[in-house]
Structure formats: C-alpha cells, structure tokens
There are 2 protein chains.
Amino acid sequence: MAKINQAACIGGGVIGAAWAARFILGGIDTNMFDPHPEAQRLVSEVMANAERAYEMLTRAPLPNKGTLSFSNSIEEAVRGADWIQESVPERLDFKHGVLAQIDAAAHPKALIGSSTSGLMPSDLQRGMKNPERMFVAHPFNPVYLLPLVELVGGEKTTRAVLEDAKDKLATIGMTGLIINKEIEGFVGDRLQEAFWREALWLIKDDICDTETLDNVIRYSFGLRWAQMGLFETYRIAGGEAGMRDFLSKYGPILAWPWTKLTDVVDLDDNLVEKIVGQSDAQSGQRGIRELERIRDQNLVGILQALKAGDEGRGWGAGELVADFEAHLWKTAPKPQLNPTSEPIRLLEVKVHPAWIDYNGHMTEYRYTQCFADACDVLLQLIGADIDYVKAGHSYYTVESHVRLLAEAKLGDALYVKAQLLPSDGKKIHTFMWLYRASDDTLLSTYEQLTLHVSSKESRSVPPLPEVMRKLKPLIEAHADLPAPDAAGRSIGQRK
Amino acid sequence: MAKINQAACIGGGVIGAAWAARFILGGIDTNMFDPHPEAQRLVSEVMANAERAYEMLTRAPLPNKGTLSFSNSIEEAVRGADWIQESVPERLDFKHGVLAQIDAAAHPKALIGSSTSGLMPSDLQRGMKNPERMFVAHPFNPVYLLPLVELVGGEKTTRAVLEDAKDKLATIGMTGLIINKEIEGFVGDRLQEAFWREALWLIKDDICDTETLDNVIRYSFGLRWAQMGLFETYRIAGGEAGMRDFLSKYGPILAWPWTKLTDVVDLDDNLVEKIVGQSDAQSGQRGIRELERIRDQNLVGILQALKAGDEGRGWGAGELVADFEAHLWKTAPKPQLNPTSEPIRLLEVKVHPAWIDYNGHMTEYRYTQCFADACDVLLQLIGADIDYVKAGHSYYTVESHVRLLAEAKLGDALYVKAQLLPSDGKKIHTFMWLYRASDDTLLSTYEQLTLHVSSKESRSVPPLPEVMRKLKPLIEAHADLPAPDAAGRSIGQRK
C-alpha cells in the first residue's frame with residue numbers, strides 16, 4: 001500500500017499544525033517550517049488535542065509516533081519529504097512565492113498539496129518546474145478528526161498524482177475525494193459559502209440571533225447531514241415516490257423568493273458588531289480551548305455512533321473510521337508473545353466521557369468493558385483474532401466475577417494485567433487486575449472463564465493447533481505464579 | 001406544567017403521521033383526519049418506525065401510549081382537541097380552506113399549528129375567527145426523532161400562544177424555537193434552500209456527482225453542524241483571536257465569485273434526469289424503508305453521543321434528550337412497591353445496534369449493562385433515586401458475578417427479574433435473571449453485592465430511614481424464596 005515516508009508542513013497555523021498531528025500520529029516523521037514566534041506553542045497545543053481525541057476515538061494500535069522537527073527554512077523542511085503540505089495564508093501572491101521555493105528544493109516526485117480553502121490549483125501551480133505533482137488538498141477543521149480532504153487538480157496535475165495522494169491519505173485516516181473540475185471554493189466551501197451568506201442575511205434582518213440560528217441547525221438538519229448529506233436525505237423525504245417526485249415538488253420553490261442570495265449582504269461594521277455581540281452572548285462564557293474540547297468529544301462520540309451504524313458495518317464517516325482501524329490492525333507489527341512467569345500487560349486506555357455515570361465516576365459495566373477488551377487483546381496474542389473468528393472459531397465468555405475496589409474518573413489512564421490460571425486451553429481461566437496508571441492504584445479485579453467454540457457446530461471444541469501452540473506455553477509459564485488472593489471467590493465471601 | 005390533553009392531526013402524510021406518533025408516544029389521545037385511502041397504512045408504518053426509534057433512544061419511562069382514532073371529517077377530528085396540527089399539501093388556497101374548517105369547529109382556545117415549510121402565518125390566519133391562536137409549528141423529518149419545531153407567529157398571533165405552544169411541545173420531547181419575524185421559509189428552510197440551490201449548480205456544472213457531494217458534507221462540516229451549528233463553529237475557527245478576527249478574514253470573500261447564487265438554476269428535465277440517475281447509482285441498492293431505518297439508527301446514535309457530551313451534562317440536541325428524559329422521570333407515576341414473595345420484574349429493553357460485537361451477538365459487557373440498569377430501577381423503587389444521590393447518599397456495586405448462558409441478537413426484547421437475598425440493607429445482595437421476552441429463554445444470571453455509602457464522608461453508612469422503610473419489607477418478603485441455584489457460585493465451580 002502507498003505510504004508516506006516523510007512529511008513537511010509549511011505553515012503551522014491551526015490547519016498546518018493539525019496536518020502535522022495527522023502525520024505524526026500516523027507514524028510519519030514530519031518537518032515543520034513556520035517563522036511565527038508562537039508556532040511551536042500552537043503546534044504543541046494542537047498535538048495535545050489530537051492525541052486526546054485519538055485516544056478516545058479508537059483502540060486500534062496506532063503506529064509509533066513520528067518525530068516532529070522544526071526547520072529553519074523551507075529548503076530544509078522539504079528535504080527528503082515525499083508529501084509536502086502548504087498551509088500558509090490565503091493570498092495568491094504569497095502562496096506563489098512559497099510554492100516556488102518548495103518546488104525548487106523538493107524531490108521532483110514529492111507530492112505538494114495546498115490547504116487553500118478556495119484558490120484554483122491551476123493558478124497556484126503556474127510557474128512551477130514540476131507542476132504535475134501539485135494539487136489542492138483541502139482539509140476541514142479539526143483536521144485531526146474530520147476525515148475529508150478535497151483533492152483538486154489544476155490543468156497540469158496528473159490523475160495518477162491525485163490517485164496516489166488518495167491512497168496515501170488513507171494510511172493516516174483521511175479520505176481524499178477527487179473533485180472533477182476545479183472551481184473557486186471547490187465543493188465544500190461553495191456549499192458552506194451559500195449557507196453563510198443566507199445566515200448573514202438572517203442576522204442582519206433580525207429574523208433571529210446567532211444562538212437561535214445555531215440551534216435551528218443542530219436540532220434539525222445538522223443531525224441529518226452528519227450521516228447522509230443532502231441528496232440521500234431528500235431521496236428519503238421523497239418517500240416511496242422517489243427522487244423524481246421530490247424534485248417535481250420542490251423544484252417550483254426555486255422561483256420563489258425563499259432566499260436573498262440574489263443580493264450580496266454588506267458585512268459592514270454594524271453587522272460585524274451585531275454578530276460579535278450575539279456570539280459573545282451565546283458562547284462567551286466558555287473559552288476557545290474549552291469549546292474545542294467539547295467539540296472534539298462530540299465529534300468522537302458521533303464518529304463512534306456512526307461506526308456502529310448499518311448494523312455494525314459502519315456508516316458514512318463511521319465507516320471511514322472502521323476502514324482506518326482495519327488498516328491499523330493490518331499494518332501493526334504482529335504482537336510477539338514471550339511467555340514468562342509474569343502477568344502480561346494487555347491494555348492501556350483512557351476513561352472516555354461516555355463512561356461516566358451521574359456520580360461522576362466510571363460506571364459499573366465499563367469496568368467489564370475494559371476487561372473484555374483486554375481479553376480481546378489476549379486472544380489476538382494467541383492468534384484467536386478476527387480472521388480466526390471469521391473462519392468459524394471463537395472463545396466465548398461463559399462466566400465472570402468482578403470486584404470494584406476504587407473509582408475511576410474522567411480522563412484517568414488505566415491499564416490491565418492478566419494471569420492465566422491452570423486450564424486445558426479449551427477453557428481459558430484468567431484473572432485480571434485493572435490499575436490507574438498515574439499511581440498504580442488497583443481499581444478492580446476480574447476473574448473469567450472462556451470456552452472455545454465452533455460457531456458452525458454451535459458447540460465447544462478444542463482450539464486449532466496454531467492457537468494451542470501459543471497458548472500452552474503461556475499457561476505453563478504462569479503455572480509458577482501464586483494463585484491471586486481473590487481467585488475462586490464467590491459473592492460476599494469473607495476474605 | 002403545560003400539557004396537551006387531546007391532539008388532532010389534519011393530514012397524515014410523512015409529516016402528519018410522525019406528528020401523530022409524537023403525540024401518541026407522549027401519552028396523548030389523537031384523532032387523525034386524512035381522506036387518502038393509504039393514510040392508515042402510512043400512519044401505522046411511521047408509528048412502527050417511531051416506536052422502534054424511541055425504544056433505542058431512551059430508557060426513561062414513557063407514559064402509556066395515547067390512542068389513535070381515524071375521524072371521518074375535520075369537524076369530528078378537532079372536537080375536544082387542545083392542539084390541532086395541520087399538515088396538508090403546501091398550497092395557500094388549500095390550506096386556507098382546511099384552516100377555516102378547523103377554526104370553525106375547534107374550541108376557541110385550542111392551539112392550531114401549521115406544518116408549512118415556508119408559507120407566512122399572517123397569510124394562513126387571514127379570515128380566521130380566532131386567528132390569535134394560530135401559528136406555524138414547522139417540524140423536521142423524521143418528526144419523531146428530530147426535536148426542532150420552528151414557532152412563527154403571524155400578525156395576529158399572541159406571544160402568549162407561542163410561549164404556551166413551546167411549553168406544551170417540551171412535554172412530547174420537542175423544542176420550540178420562537179422566530180422573531182415571519183419570512184417565507186423561516187430560518188431552517190432559508191438556510192437549506194440556499195444550500196440546495198448551490199448544490200444544484202454543482203451537479204448541473206458537473207463539478208461532482210450527488211454521491212461525492214453527500215460525502216463532502218457528511219465527512220466534514222455535516223459532523224460539525226450536528227453539534228455546534230454555524231456561528232459557534234466559526235467562533236472556534238477564529239481561534240484565540242475570536243469572532244471579529246474571523247469575520248475580518250472571511251468577510252472579503254463575500255465579494256468573490258464563490259457562489260453562483262446571484263443566478264437561479266434552471267431545474268429543467270436534463271438536470272432532473274441527471275440527479276435522478278446519480279441518486280439511483282448512489283442509493284438505489286437500498287429501499288426507502290431500509291434507508292429510513294439506517295437514518296433513524298444513526299440519529300439515535302448521534303443523539304446518544306451528544307447526550308454524553310460536555311462531560312455527561314449533555315450538549316446540543318443531546319441536552320434536549322436529557323431534558324426530555326428528566327421530564328419523563330418526573331411525570332412518571334411513582335412506582336409502587338408491593339412486596340410479595342415473587343422475584344420483581346425490573347427492566348424491559350431491546351438489543352441496540354451498538355451492543356453487537358463482530359460475532360453478531362450482544363457483547364459481554366452489555367449483559368452487565370442490562371443488570372446495572374435493572375439495579376438502577378430497583379434503587380428508584382426503594383427511593384434511592386437521583387435526588388437521593390444528589391443529596392449525598394448512594395449504593396455502590398462492590399462485587400458481581402455473571403454467567404452468560406445464551407446469545408442475544410440485534411432487536412431481541414429482553415427483561416430482567418430480581419430476587420433479594422438476605423442482607424441488612426446497608427449491603428444489598430441481589431440475584432438477577434436476564435430473559436429473552438419472545439420465548440422466555442434464560443440468557444444470563446447476575447449476582448451482585450452493593451454497599452450504601454455517604455459520598456461526602458466517603459465511607460459506608462446505613463441507608464436513610466425512608467429507604468430502609470421500603471427496602472426491609474422487600475428483603476423480608478423474598479426471604480421465603482428458595483436461594484437460586486447459582487447464588488454463591490465461584491468461577492468454574494461444578495454445579
């Protein structure tokens with residue numbers, strides 16, 4: 001599969017810094033050039049947000065992080081890079097100067113993407129030595145969570161370059177959509193711009209304030225657009241009569257005065273002050289960083305909800321997360337099991353906002369979730385992974401016992417250790433401990449019995465030899481360990 | 001609190017039928033008038049979808065369903081109703097005729113809402129005897145899930161009527177936003193219409209196809225708009241420099257040709273055929289009912305994700321769900337505990353799509369979730385409810401034992417029964433069974449020990465007398481029951 005070996009980010013504002021976070025979390029060494037004195041601080045803040053979001057988003061194995069280096073010049077930054085992402089301010093003359101320097105210093109085959117929100121790639125690539133490898137790669141804020149990159153080629157960009165860019169983006173969890181024809185604003189910003197213009201009229205004309213307008217969106221069609229977009233939503237609205245019927249009903253409205261867009265709003269000082277004042281009243285009680293954290297948690301929650309969509313197959317952006325996770329599992333180094341007489345460390349995880357109950361603590365069944373996830377890791381280690389399940393065999397949990405000893409709070413880092421108790425491998429008898437990482441406090445213990453089954457025959461059968469080969473030495477190595485105090489305990493039993 | 005005693009739905013298309021579902025699931029008897037021969041079938045299909053969605057959405061206690069009656073005339077339908085919702089086709093002359101009949105037959109104080117997507121309430125209420133109680137109540141499809149109702153008064157509508165309508169909508173899980181001034185299309189459809197016009201240009205000009213356009217939305221700003229709307233999103237994009245800085249950056253773009261909206265697209269046969277063909281290619285492999293089910297599952301998942309937002313306080317439309325649940329808990333009849341020597345039935349629930357693992361079965365920790373939720377119901381029954389927790393006391397689970405005996409699948413209806421084992425009330429020792437409702441198959445058992453604690457003192461204390469008064473007779477009544485076979489069992493113990 002196409003992969004990016006080394007990246008360069010030219011420009012380290014909100015967009016450039018978040019590109020860097022995508023690359024680094026994707027395991028790619030990245031050089032950043034931005035002469036702004038605050039660039040290093042901003043990049044480290046965005047990196048922290050991105051890491052926090054990824055930890056909540058997925059339990060798939062991320063590669064070892066790439067290293068981030070700050071360069072002293074564009075030339076230095078692009079040396080050795082095979083993906084160069086330009087995210088400097090939106091002025092054509094300024095971008096021309098930067099792109100000329102990138103073009104001169106970069107390897108002639110290195111891909112050059114521009115983060116521009118609307119400038120035409122044909123204009124941007126004018127005068128370049130190697131314009132065929134230059135294109136628009138337009139992402140959306142927050143770049144580390146939203147998967148979309150609009151890929152737009154200019155007159156001189158080759159289709160092969162766009163296809164290559166699309167393949168490479170998939171390895172860092174992004175999805176390139178190739179836009180057929182270049183126009184200013186491409187597709188996403190065209191749509192947002194139309195929406196924005198109408199919104200400005202509504203505020204200017206005092207139809208509603210900014211808070212009401214935002215609520216109208218997020219209590220109604222905003223929820224629809226998060227998962228189906230426009231045409232599929234309207235297809236459903238057409239009902240059994242279908243899309244043609246829908247168009248025949250709503251077509252005539254185009255002739256009505258249902259928009260003021262045939263006129264351009266004057267964003268004068270009065271309107272600016274009105275919007276600023278209303279926005280302060282709406283959101284001013286929270287700082288930008290707090291709003292960002294709330295937004296990221298919401299986006300993670302929505303992405304996870306969509307990953308469960310279409311009966312677990314994933315839907316929309318949730319399907320993209322599932323695809324990215326599949327890629328991560330496939331490319332992760334196969335875990336090596338090294339049987340020693342030590343409990344194995346199986347899982348590291350942070351307490352997610354959705355795991356908190358009305359007491360402010362991690363709720364009971366999430367403890368079980370941590371242990372069940374740790375069990376999945378153990379099963380992968382012995383080769384009873386998802387392919388093994390698909391081929392018709394699986395371990396099912398038949399019995400478990402949990403003790404809750406201390407509370408976990410939002411954001412706590414947790415880890416799980418496991419000890420295998422004597423068993424024949426057709427059953428696996430496991431004892432696990434859940435710890436808080438910051439102070440190694442024991443939060444919970446778990447004793448579990450799993451049974452190996454053939455899903456075709458719906459009955460218990462011995463595991464296949466390749467699993468037994470890995471499992472048996474582990475059980476034997478752990479046989480030397482003393483039995484945990486709480487093993488074999490029944491409910492309410494005195495110590 | 002304001003409540004609706006009896007509703008009438010005039011018009012039973014997709015919108016009118018879903019209004020009926022909202023009323024009926026809100027416990028309100030509803031008369032429907034629609035002369036269309038297919039009306040009864042459509043209404044029952046929409047009701048089924050709505051019930052399915054509500055079952056997934058919330059575990060709060062819905063009131064007993066209202067009854068649905070089909071009337072033979074408008075006069076008959078509106079008799080006795082205090083909320084009348086008109087959802088007939090979007091033609092002013094036709095709506096005038098229907099509204100005149102409603103106005104003549106309805107109680108003079110009954111509220112009359114119109115579902116119109118864009119007609120002006122002043123035009124609609126012209127000629128009415130009691131126009132002051134008529135207003136636009138514009139919902140969004142699917143009406144049974146999306147909470148928004150735009151409330152727009154005409155010249156003669158009183159503010160008190162709009163406030164009353166807003167209060168009443170809250171009792172059926174909907175949120176009325178009062179729009180300051182009437183304009184055609186109000187706020188939501190103004191915004192959608194601008195967006196739609198630009199989208200039509202993008203398809204007409206072959207910039208992209210409908211599938212790419214939908215993906216652009218749902219992979220990027222659609223996810224943002226589901227939770228923050230437009231202005232709050234842009235406030236964050238402005239970063240530390242704030243809203244004024246954002247406006248100064250993006251204001252000049254208004255003068256650019258980033259939209260074709262100063263021109264009106266001609267939705268001629270060619271464009272209709274192009275859209276129909278592209279939409280078939282994109283979505284045609286699934287029927288409308290399947291797309292509706294997928295949409296509803298996604299919306300439920302998104303709403304639940306947002307309910308967990310802002311560190312569990314709820315955010316955006318998720319906060320509205322939390323408010324609605326609080327209302328349901330508050331208005332539900334206080335459960336009466338009638339201690340008998342029978343296990344108590346505590347919980348009825350359906351297996352949600354997010355609960356399914358890659359084996360196609362309900363995943364391990366969701367069994368624990370069912371039992372933990374049943375335990376919450378038990379605690380409410382004995383008065384240890386959310387107010388008791390807020391006042392500083394709570395029961396914490398300290399130990400549990402689960403046996404998994406059979407698989408639950410997507411959509412299975414489940415129920416839980418519980419037996420209290422002898423304990424002093426400071427500890428509660430419980431044994432529970434989880435059954436599949438369709439054939440009473442036992443799926444799982446659960447043995448649990450909970451401990452009563454003072455959260456202020458962080459230590460175990462006896463429960464308050466009012467809880468003890470309800471708990472003790474229950475423990476005593478269950479003392480006559482034989483101990484369940486699996487009680488006291490440790491992991492792997494032979495029967």
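R235(B) is buried, with a relative accessible area of 10% (buried means under 20%, exposed over 50% and partly exposed in between, with a 1.4 Å probe and protein chains only). In this predicted model, local features need pLDDT of at least 70 and side-chain atom pairs pLDDT 80 or more, while totals for chains, interfaces and linings use all residues. Residues are numbered from 1 along each chain as written, chains are lettered from A and ligands numbered from 1 in written order, and side-chain values use heavy atoms, without hydrogens and water.

R235(B) forms a salt bridge (a side-chain nitrogen of Lys or Arg within 4 Å of a carboxyl oxygen of Asp or Glu) with D280(A), at 3.2 Å between the closest N and O atoms. This contact crosses between chains, from helix 10 of chain B to helix 12 of chain A (helices are DSSP runs of H or I with at least four residues, strands runs of E with at least two, numbered from the N terminus). D280(A) is partly exposed, at 39% relative accessibility.

Within chain A, R436(A) and D439(A) also meet in a salt bridge, at 3.2 Å from N to O. Here R436(A) is buried at 17% relative accessible area, and D439(A) is partly exposed at 42%. Shared partners join R286(A), E290(A), D310(B) and R313(B) into one salt-bridge network.

Turning to chain B, all 6 of the 6 residues of strand 7 (residues 148-153) are buried. Strand 7 runs antiparallel to strand 6, joined by 5 bridges, and pairs in the parallel sense with strand 8 over 4 bridges (pairing requires at least two DSSP bridges).
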